[in-house]
Amino acid sequence: MEPLDRLENLASSLETVASNGFQATTADNGQKDSSPAEILRMKEQMSNQCFEMAVKLQAGKSKRSSCSASDAEKDLLDYANTLEEAKIIHFNKTLALHRMQVWHAISEKLKQSDPEAVAMRGLTSCSLDLCSKIKTLQQESCELQDQITDVKKQRLDLKRLTHEKMKEMDELKRKREHPEAEKYRNVLQKGQSHLEKYQKMATITQNVLRGIIIASKVNWRDDPKLRDIAMTLEDIPISEE
Amino acid sequence: MSLLKPFSKLPGLNTANILLVENEEQFQQKLADTVVLQEKTVNVNVRLARSLPLPMENEESRPRIDLVVFIIHLTSELSFQSAETSLKYLDPGYFQGKVCFLVTNARNVSVPPERLVSVRKLAASLHCPLLCAEDQTTEGVTTAAHRLLAILKVAAGLVPMATGLYLSTLTRCTVPSDIDQQNFE
């Protein structure tokens, strides 16, 4: 692969240029300010460019002959996803590293005895006190919350019980009226029907007796027994016909 | 073989080279001036061309081109066609983050919408970013220059932890039907 060999040669010559210490730049650009930061920046740039060329070389070496465009597209998506995941993991690890570094620096500082460290120690003890106070207050509020929930539960239970008792009372009341009312009603009806029957019989017999007395043309006023019977006949009213 | 190759020459130190290809040669000059004025820390060289292939005479003196920008004016069909023919003279190595499409007059009413769609399809098939620019006002030119500079710095390797290939996975152009298909997957 002729272009790849040329690329390798170019990469090696780039490395030599880099190691020769930037003699080329001052000729190109008169306003170059060669502070360490600038030199570091340019070193980063060069390593980036070398990396790009190395990637190109590697891609050229491992060329797969049997790959179609659609397969390549799918693989591309997979690779992009893995790249994203790798970046996220790297970022999280960097954050964790920074945290560890900060903690290490703080702990080192606290061990020393300059005024800054003294101030820091005072600050940490203040914050510890506050944290313990917060903890106790939180515990108290938790307990109070539990008590409140207990009281609420009891209240709900009592409410439920009262409801049940009320229901029971209602049922009992209805039950007591019902059988008694029924018996009462039945008995009353029976009594009334009997009464009517006997009343009818009594009226009929009375009418019959009246008829007999009148038809027989007997002088009932003189006979005391007959007079009593005839007087009582008048009391009972004539039932509806 | 007059292909333009990305890695055939050494990169310059703290330098970035951009090639603006435009058939009409009206926007490239303004853009070139703005680009050079905007960037202070990096040495930016702008080369202008009408179309590829580039003339053989300057082959030796020409530095390594980090970013090739095709400027397409949507008002003329010729612009698009010349860009398409120029694409053949680019080495495939360029399409991994070193090519960009710049479109002007995308908001113009007289432009048929199919042209923009075809440009988008072309950019999507090549996995290249598509930028829209406004070439009439200075603000539009400065915005376009700013964006081109951002892509140029990555393509030239001047941004740590980012290469043109990596950026191209983030900035590739998509056509709306592509997005729907991806949603179904």
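Predicted model: local features only at pLDDT ≥ 70, side-chain atom pairs only at ≥ 80, totals over all residues.
In chain B, an open sheet is built from five strands, arranged in the order 2-1-3-4-5 with parallel pairing. Strand 2 (43-49) and strand 5 (130-133) of chain B form the edges, each pairing on one side only. On average, neighbouring strands of this sheet are turned by 25° against each other, direction ignored. Seven bridges join strand 1 (residues 15-22) of chain B to strand 2 of chain B in the parallel sense. In this region, B:Val21 has B:Ala49 of strand 2 of chain B as its bridge partner.

Helix 1 (residues 27-38) of chain B packs on the sheet and touches strand 1, strand 2, strand 3 (67-73), strand 4 (99-104) and strand 5 of chain B. The direction of helix 1 makes about 175° with that of strand 2 of chain B. Helix 3 (residues 113-125) of chain B also packs on the sheet, where it touches strand 3, strand 4 and strand 5 of chain B. The direction of helix 3 makes about 170° with that of strand 4 of chain B.

Two packed helices are described by the angle between their axes and the distance between the axes. For helix 2 (residues 77-87) and helix 3 of chain B, the angle is about 15° and the axes lie 11 Å apart. Because angles under 35 degrees count as roughly parallel, helix 2 and helix 3 of chain B are roughly parallel to each other. The crossing of helix 2 of chain B past helix 3 of chain B is left-handed. Helix 2 of chain B contributes B:Glu77, B:Phe80, B:Glu84 and B:Leu87 to the contact, and helix 3 of chain B contributes B:Arg115, B:Ser118, B:Val119 and B:Leu122. By class, this contact has four nonpolar, one polar and three charged residues.

Technical notes
Residues numbered from 1 in each chain as written. Chains lettered and ligands numbered in written order. Heavy atoms only, no water. Pairing = 2+ DSSP bridges. Helix = DSSP H or I, 4+ residues; strand = E, 2+ residues; numbered from the N terminus. Axes fitted to C-alpha atoms, helices over the stretch in contact; angles between N-to-C directions. Contact = heavy atoms within 4.5 Å. Parallel < 35°, antiparallel > 145°, perpendicular 65-115°, else oblique. Left-handed = near helix turned anticlockwise from the far one by under 90°. Nonpolar A, V, L, I, M, F, W, Y, C, P; charged D, E, K, R; others polar.
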